[in-house]
Amino acid sequence: MASSEIWQAAACFMIMFQCLVRGQISYSIPEEMAKGSIVGNISQGLGLDLKRLKSGKARIFAGDNTEFVGLNNERGILLTEEKIDREALCAKTTPCALHVQLILENPFEWYDVTVEITDINDNAPSFPKGEITFEISESAITGARFMLENAIDLDVGSNCHLSYSLQPTDNFVLSLQSQTDGDRNMEMVLQKTLDRENKKQLSLLLTAMDGGEPQLTSTVRIHVTVLDNNDNPPVFNHRVYKATFAENTPKDTVITSVSASDADEGSNAIITYYMSGTGDVNDLFMVDARSGEISLKGSADFEKASRYQINIQARDQGGLSDSCKVIIDLTDMNDNKPMISIVSMSNSISEESRPGIVVAMLNVNDLDSGLNGQVHCHINDNIPFAIASSSSFFSLQTEQELDRERESEYNISVICTDEGVPALSSSVSLRVQISDVNDNAPVFEKTIYEACVVENNAPGVSIFSVKASDADWNQNARVYYILEDSTVNGVSVSSYVSVQPDSGLVTAIRSFDYETLKHFQFRVKAQDGGSPPLSSNVTVKITIQDQNDNAPQVLYPVQTGGSVVAEIVPRAADVGYLVTKVVAVDVDSGQNAWLSYKLQKATDRALFEVGLQNGEIRTVRQVTDKDAVKQKLTVVVEDNGQPSRSAVVSINVAVADSFPEVLSEFTDFTHEKQYNDNLTFYLVLALAAVSFLFITCVVVIISVKIYRWRQSRFVYQSNLPVIPYYPPHYADTGVTGTLPHGYNYEVCMTTDSRKSDCKFSTLGGQSVLVVDPSFTETMQRAMKENNFLEDPELQEMQKPPNSDWRFPPNQRPGPSGAGVRPDEAGAGPGVIAGTGPWPNPPTEAEQLQALMAAANEASEATATLGPRYNLQYGPEYRQNVYIPGSTATLTANPQQQVPQQALPPPQALPPAEVPKAAQTPASKKKPTKKDKK
C-alpha cells in the first residue's frame, strides 16, 4: 500500500513539473554486489553528455540520507557505494527498489533513477527454536495433527519457497496446508497410534529446504513424549482473528483475545496458550497463557510495519493442541516531523544576478501517511527571495535585484509544516552571501620600491617583498604578483630575480657581483583574480653592495716564473733612497679597496722599509760595504676589508755599483730558488729512509735477542751445583805412588761458557765421561765424587803423597803463609805428608787467580818446557768446578793426558814466575762498570 502511494506521488510529480524533470530511468542489480560495482551507464541511458555532467556538478541525491549508489562524473556511470543487503533494506517487500534523483545545476535539472535490488539465495532457512518438544497421549487417534512452526527464510521469491521433510516416518508424517493468504501451515500428522509401553520418547528430525540455487537447508530436532488418556484436542472458536490499534498505543494494552475449548474434563481440559509468531512479533506482543489475551509489550511504529501476523497455539494437559492465526493492523499517527534535506545550495550569488535564479533546492519528506505526510514551506519576510514547491522538492529563488553594498549576506529561515493534528514542523537556516563584481584594481603601498643586497649572496636568498591590496572581496581581491619581462645588460631580468606569485617576495636567482653589476631595476605587476582581471604595476630598484671578495693584485714588480728581476741599489745610496715601488690595485670599492703595505721578511730588516700607504721601498740607513750584495724582500699588500685579504710579492735587490757585480750574483738567485724548491723533497725522502732503517734495526735486534734467549733457556734451568773447595792431594814422585794417573785440565772462559763441554778421562780408558751441553751427566759425576770422599774405605785406598815432593810456597794455593811444609811445621822425616792439619781455604778471588795461573802455566809448559809443569804438581780439584761470580767452567780434556813421569830429586827450585794468562774472547771485552766495581 505504501509502495503504491509512493509510485502515485512520483507519477503526479512527473506530470506537474515537466519543466524541471527531464525523464527517468530504471536499473536492476542483484544484492550483495561488491563496492564499486557498475549499476549502469546513466549518461547513455538519459542521453546526457559527459561535459554536461561535469559542468552541472551532477550528483546523486538519496532522500533517506543513505547513499547506496554513487555517480562517477568522469565516466557517467552509477556505482555501488557499499554492499546492498536486500533483506536489511526491504525485508519481505517486493519489488525492492532504491529511488534516487540525479541533480544537475546551471540550469537545475533532476531525473528519477530507480535501482531495483533483486534477491539472491544468500539466507538459509532457520527455525525459531533450536528444538521442538511435544507431549502426546497414547490415546491420540490416528490422524491427530500437531502444528509445527514454519522455518523463516529472509529471501523472497523462489528463494524463500520452503519444502519440508520429516524423518523417521514410522508414527508421524508431515502435512502442509495452504491458507487463503498464501501461507502454509505445517503440521505433524499421527499415522500410527502411539504405545507408551512400547516407547516413551520419540525423536524426529525436521528439515527445511528453500527453492534457491544452490539449495540451502536447516534442521530442527523434535522430541515427542507419549502421555496417557487424552483423547480430545483443544479447538479454537475461529481459525483467524483480526484486530486494529494505533501506533501510539501504550504498552501492556490488550489488543485482542483468542479462545479455545476442550471436550475433555479435569486436567486434560486445562488449556494453555502459546504464541509462535516470527520476526519481531515476539518482541512486540505477548499472549496470556491462561486467558488467551494478546497485549502490547513494545512500541509499534507504523513507518516500520503496518501489519503483524501471530500464530497462537492452544494445548491441553494431555499434549493435544490446536492453532489459529491473529492478524493485527496498525493505524498511522502524526508522530514524525518533516525532514528537510538540502539537495543543492549556492553559498554565494553575484549581485548582478537577475530575479528567478535558483539559490537552493530542498527536499522535504514526512514519514507519516495521508494528511500527516503532506507538507508546505514558507520563509521569513522582507527579503528579496521566494520559495516555490514541486511535490517534495522546494526551490529558493531570487525575487528582486541584489545589491552587495546594501547587504552582503542573508540568513534565510525555511519552515516546513505538515497537515496532521496536531501539526508538526521543522526549520532550516540558509546563509547566502552576495558576491562582489570585480571593479577595483590592485593598488601598491608604494609608488617605487628600493632595496639593497650584498654581493656574493646565495642563490635563492630573499631580498624584500612588494605588497598590493584590492578593495574587492574573495577571489576578486586575491592579488597575484608577476615579474614583467625586461632585460638587464642584455640578459632577461628573470635570470636575476624572481617574484613569488602569492606573497610578492622578491628572491635572487643568481649570486650578484658588484664589480660587474652595481644596480638594476625592473617592474612588478599586481593582478587580481577577477574575471576579467584588473592589474597595476610598480618599479623596483635593486642596489648591489660591495663585499671584500677580491684580494689585492700586484701590478709591479711583475712576478715571472722563468727569470729573476732585481732592483739595483748603489752602495753610495743615502738614507731614504727609493729602491722601487710596489704597485697594487683592488677591484673592490670603498674601504675594501684601501691598501696598506708591510715588510714581511727581509735579508736585512734594518736596511729597508716600506711605505704603509704608497708601497715605496726605501733605505732606512746608509748602505755600507758590509751589506750583502743579494737582498731579498717580501712585501705583504693587505686591504681594509673585514675580513681582510692580502697578496705577497717577493723583490730581489742587488746592492752593487756596477752591473758585473750584479751579474755574478744573478745566477745565485736562480740556484737558491731551485734549492728551495727541492729542499722539501729531499727532507721528506731522508726522513723516510731513516725511519725505515730504524724500524729494520729494531726488528733485527729483537729477533736476535729472542733467538739467544730460546737457545740458552735450558742452560739457566740446569741448576749447576757450586762445588765446595777441597784441599790439594800431593802426588808421589814415582809411578807406583797413590796417584798413578796423570790429569789434564782445560779452563774455558768465554762469554758463553755455559755451553762448554765437560770432558774427563783416565789412563787405561776407564771412567771416560763426555758431557754434552745439556749437562745431564755433570750432576751424576759430582755425586760419585762426593760419595768417594765420604766413603772411608775409598779414602784408605789412596796413599798419602810422597814427603819428598815439594811445592814452592809462592805457588801454593790459598792465601800467602796459610800453609807450610810438613818438615817446616816440626814434623819428623817419618811423618806422612798430608796427615797434618789442613790449610785454611782460600778466598774466591785467590781460587780464581790460582786456577787461571795454573791452567795457563800448564798449557804453556807442556808445549815448551816439557812435563815438568804437568798439572800433577798442581792441586787436584774436582771436575766441573763452578767458580762463583764467573761464567768459567773447568773441563778435563782427555786429549792432553800423558803418562806420569818420575820427578827429579827435590831441589830448591827458584820461584817460578807465573805467566800472564792468555787472553780469551771473554778477557778481551772491555770491563763494565760492574767489573770495575
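**Exercises on aromatic rings**

Phe 61 is buried, its relative accessible area being 9%. The model is predicted.

**Exercise 1.** Find how many aromatic pairs the whole structure holds, and classify the pair of Phe 61 and Phe 393.

Solution. A search of the whole structure gives 17 aromatic pairs. For Phe 61 and Phe 393, the centres are 6.2 Å apart and the planes stand at 65°. Pairing requires centres within 6.5 Å, and planes over 60 degrees apart count as edge-to-face. The pair of Phe 61 and Phe 393 is therefore edge-to-face. Last, check burial: Phe 393 has 4% relative accessibility and counts as buried, because buried means under 20%.

**Exercise 2.** Classify the pair of Phe 385 and Tyr 410, and state which strands hold the two residues.

Solution. The ring centres of Phe 385 and Tyr 410 lie 5.5 Å apart with planes at 75°, so this pair is edge-to-face. Phe 385 is in strand β28 (residues 385-390) and Tyr 410 in strand β30 (residues 409-418), so parts 25 residues apart in sequence are tied together. Phe 385 is buried at 3% relative accessible area, and Tyr 410 is buried at 10%.

**Exercise 3.** Name the rings over which Arg 315 and Lys 518 lie.

Solution. Arg 315 lies over the face of Tyr 274, 4.8 Å from the ring centre. The charged end of Lys 518 sits over the ring of Tyr 514, 4.8 Å from its centre.

Notes:
Residues numbered from 1 in each chain as written. Predicted model: local features only at pLDDT ≥ 70, side-chain atom pairs only at ≥ 80, totals over all residues. Heavy atoms only, no water. Phe/Tyr/Trp six-rings, centres within 6.5 Å; stacked < 30°, edge-to-face > 60°. Buried < 20%, exposed > 50% of the residue type's maximum accessible area, 1.4 Å probe, protein only. Helix = DSSP H or I, 4+ residues; strand = E, 2+ residues; numbered from the N terminus. Lys NZ or Arg CZ within 6 Å of the ring centre and 35° of its normal.
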